[in-house]
There are 2 protein chains.
Amino acid sequence: MYIGIDLGGTNIAAGLVSEEGKILAQASTPTMNEREAIEIVKDMAMLIDKLASEYGIDKSEIKGVGIGSPGSIDFDNGVVVYSNNLKMEKFPLAEELNKLTGLRVSVDNDANCAAMGEYVEYEDKVKNFIFVTLGTGVGSGIIVDGKMLHGFNGAAGEGGHIVIVRDGEPCTCGRKGCWEAYASVTALIRQTKAAMEKDPDSLMHKVAKDEGKVSGMTSFVAAKQGDKTAQEVVKQYAIYVAEGLTNLENIFQPEMICVGGGISREGDYLLDPVREFVTKNGYNKYMKKTEIVTAKLFNDAGIIGAAMIAR
Amino acid sequence: MYIGIDLGGTNIAAGLVSEEGKILAQASTPTMNEREAIEIVKDMAMLIDKLASEYGIDKSEIKGVGIGSPGSIDFDNGVVVYSNNLKMEKFPLAEELNKLTGLRVSVDNDANCAAMGEYVEYEDKVKNFIFVTLGTGVGSGIIVDGKMLHGFNGAAGEGGHIVIVRDGEPCTCGRKGCWEAYASVTALIRQTKAAMEKDPDSLMHKVAKDEGKVSGMTSFVAAKQGDKTAQEVVKQYAIYVAEGLTNLENIFQPEMICVGGGISREGDYLLDPVREFVTKNGYNKYMKKTEIVTAKLFNDAGIIGAAMIAR
C-alpha cells in the first residue's frame with residue numbers, strides 16, 4: 001500500500017492506494033497556501049496517520065508516499081524548486097515529510113502525477129503514453145518506455161509550452177503563442193467571448209446568462225443546440241487542441257494520448273474532430289497510429305498517480 | 001568492432017568502427033537509388049567484405065552491422081517501411097543483409113544514427129541529448145535516459161515537424177508552418193532570396209553572383225561584411241532555429257542540444273543569438289539549463305552512429 005497526496009492550491013487531498021492503483025481510503029484538509037511550508041508538511045503527516053488508523057493498518061505497511069505538487073520540482077531530490085501558489089522555494093518537501101513520518105517520500109509535478117494515475121490502467125500494454133490536461137493552463141505528463149520523462153533537471157514534459165503560433169497570444173510563461181494560450185480552457189473562454197461579441201444573436205449569450213458566466217462549456221452547450229457561431233468556436237478550438245497533439249505525436253509516437261481536464265468530459269464531441277485532424281496531419285503516414293482517449297479518473301488521478309510515483 | 005553504413009540517396013558509405021566509436025577503415029560505392037533494393041544489399045555485403053579484408057580481420061570479429069537509412073524505419077524489425085529516395089517499401093533490410101553476411105543487423109533512421117554518432121563523445125556524462133540537423137529539411141534524433149527515442153512504431157523524433165507558425169509556410173510533410181519550413185537551409189535560402197528582392201543594393205547579390213547561386217552561406221558571408229539586410233536575415237533565421245529548440249527544451253530538458261548540418265559550421269555566429277533566445281524564453285527559469293553545442297563529426301556521424309546503434 002502507498003499514500004498518494006495531491007497538493008493543490010486549495011486542498012491537500014491524500015489517499016491510501018493499493019499496489020494496483022485503487023483508492024482504499026481518502027482524507028483531505030485545506031491547504032491554506034499562505035502559511036509556512038512546514039505547516040503543510042505537518043498536515044500531510046497528520047493525514048497519513050488518519051488514513052492508516054481509519055483503514056486499520058500499521059504505518060509500517062505503507063511502502064512509500066508520493067506527492068504531486070504544482071510548480072517546478074526537482075524529482076531526483078524531492079525538492080519543490082519553485083511554486084507560484086505555495087510558499088515553497090527550494091523546499092526539501094520529501095526530506096521534511098520523511099523526518100516526520102519515517103516513510104520514503106517522492107515528489108513530482110502534479111501534471112506528471114495525474115499522467116501516471118491515468119496511465120496505470122494501460123501500463124501492461126502501453127509503454128509510451130502522453131497525458132494532456134486542458135484546464136486553466138495546458139499541463140502534460142509524458143511516459144517514455146514505461147518511465148516518466150523528467151529530463152536532466154526534473155522539469156521536462158511542458159508540452160503546453162510549445163509555441164504553435166509565432167508571435168501569437170501572450171502566454172503565462174512569458175513567450176507568445178504557446179499551445180497553452182490556444183488550447184487551455186482559459187483560451188477557450190477568451191475565444192468564446194470574442195465570438196459572442198461579434199455575434200449578438202448567438203445562443204451563447206443566453207447560455208452564458210443562464211450559467212451566470214462565460215465558461216468552457218458555453219460554446220459546447222450552444223453548439224449542440226445548433227448555434228452556428230458556437231459550432232465555429234468549438235471547431236476552431238478542436239483544431240488548436242489537435243495542432244499541439246499532432247506536434248507531440250510527431251515527436252513521441254506514443255501508443256496513446258489521453259486528454260483530461262474538465263472539458264474532456266465533452267468526450268467524442270470534442271475528440272472526434274481532434275482525431276480526424278491528427279490522423280490527417282501526422283507525419284507518420286505508413287505506420288500504426290496513436291490512439292486518442294479521454295481521461296477517466298479526473299480528480300482521483302492526482303492521488304493515484306502520486307502513489308504510483310512512489311511505487 | 002562494428003560496421004556502420006550510411007545509406008544515402010547518392011552513396012552507400014560504410015566504415016569499420018571501434019567499440020569507442022572511432023572509424024578504423026572506410027569504403028563507399030554509389031547507391032544508384034533507381035535499382036532494386038536487393039542490389040543495394042549486395043553492395044553492402046561487398047563493402048563489409050572489403051573493409052574486413054583491407055583491415056585484415058576475419059568477418060567473425062565484426063559484432064554487428066548498423067545501417068542508417070532515410071525514410072520511415074521500423075527499428076524493432078529492421079524494416080524500411082517507406083523511403084522517398086529508395087526503391088524500398090516494407091523492405092526487410094536487416095533480414096536481407098543478415099542472409100548475405102550472417103551478421104546481426106540493425107536499421108535506424110539516418111537522423112537517429114547521426115544523433116547517436118554525435119552523442120558517443122558525451123555518453124558518459126549526458127543522458128538526455130537532442131541532435132538537430134539543419135539541412136534540406138530539419139532532422140532530429142532524441143536520446144532519453146541514454147536510449148534513442150523510437151516511439152511504439154519506430155517513427156518518433158520528428159522534431160522538424162512541430163508546427164511553430166499555424167497556417168504558415170507549406171511543409172514537405174503536408175502540414176503548414178512546421179519548424180522545418182522555417183529553420184531548414186531550404187527555408188534560409190527562401191528567406192535570403194526574399195530579402196535580396198526587397199533590397200537590390202544588398203551585398204548578398206554580389207556574394208551570390210560570386211558563389212554562382214544563392215545558398216545557405218550567402219546571408220552569413222554578407223552579414224559578416226556588415227550588410228544590414230543580410231544581418232537581418234541571419235538574425236531572423238537564428239530566431240526561427242531558437243524557437244524550435246526552445247520548444248524541444250521545454251519538452252525534454254536535455255543536458256545538451258547539438259546542432260548539425262552544414263550551416264552549423266557558422267558556429268557561435270549562429271548559435272550565440274540562438275542561446276540567448278533559448279535562455280530568455282525557456283520555460284525553466286529556476287533550474288540548470290540545456291547546453292547548446294555544434295556538431296563535430298558531420299559526414300562521419302552517420303557511419304559512427306549506425307555502428308553505435310548496432311552496439
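Predicted model: local features only at pLDDT ≥ 70, side-chain atom pairs only at ≥ 80, totals over all residues.
H5(A) covers residues 185-198, which makes 14 residues, and at 1.5 Å a residue it should span 20 Å; the C-alpha atoms at its ends are 20 Å apart, so expectation and model agree.

Stepping back to the whole chain, the domain assignment divides chain A into domain 1 (2-119 + 300-310) and domain 2 (125-295). Their C-alpha centres lie 28 Å apart. Where the two domains meet, 13 residues of domain 1 and 15 residues of domain 2 take part in the contact. On the domain 1 side, strand S5 (72-74) and helix H3 (110-119) of chain A each supply at least two residues. The largest share of this side belongs to H3(A), with seven residues. Sorted by class, the domain 1 side holds eight nonpolar, two polar and three charged residues.

A further contact joins the two chains: 38 residues of chain B are in contact with 38 residues of chain A. On the chain B side, strand S6 (79-82) and helix H8 (228-252) each supply at least two residues, and H8(B) gives the most, with five. The residues of chain B that touch chain A comprise 18 nonpolar, 13 polar and seven charged ones.

Methods. Residues numbered from 1 in each chain as written. Chains lettered and ligands numbered in written order. Helix = DSSP H or I, 4+ residues; strand = E, 2+ residues; numbered from the N terminus. Expected span 1.5 Å × (residues − 1). Domains from an automatic or database assignment. Contact = placed C-beta atoms within 7 Å. Nonpolar A, V, L, I, M, F, W, Y, C, P; charged D, E, K, R; others polar.
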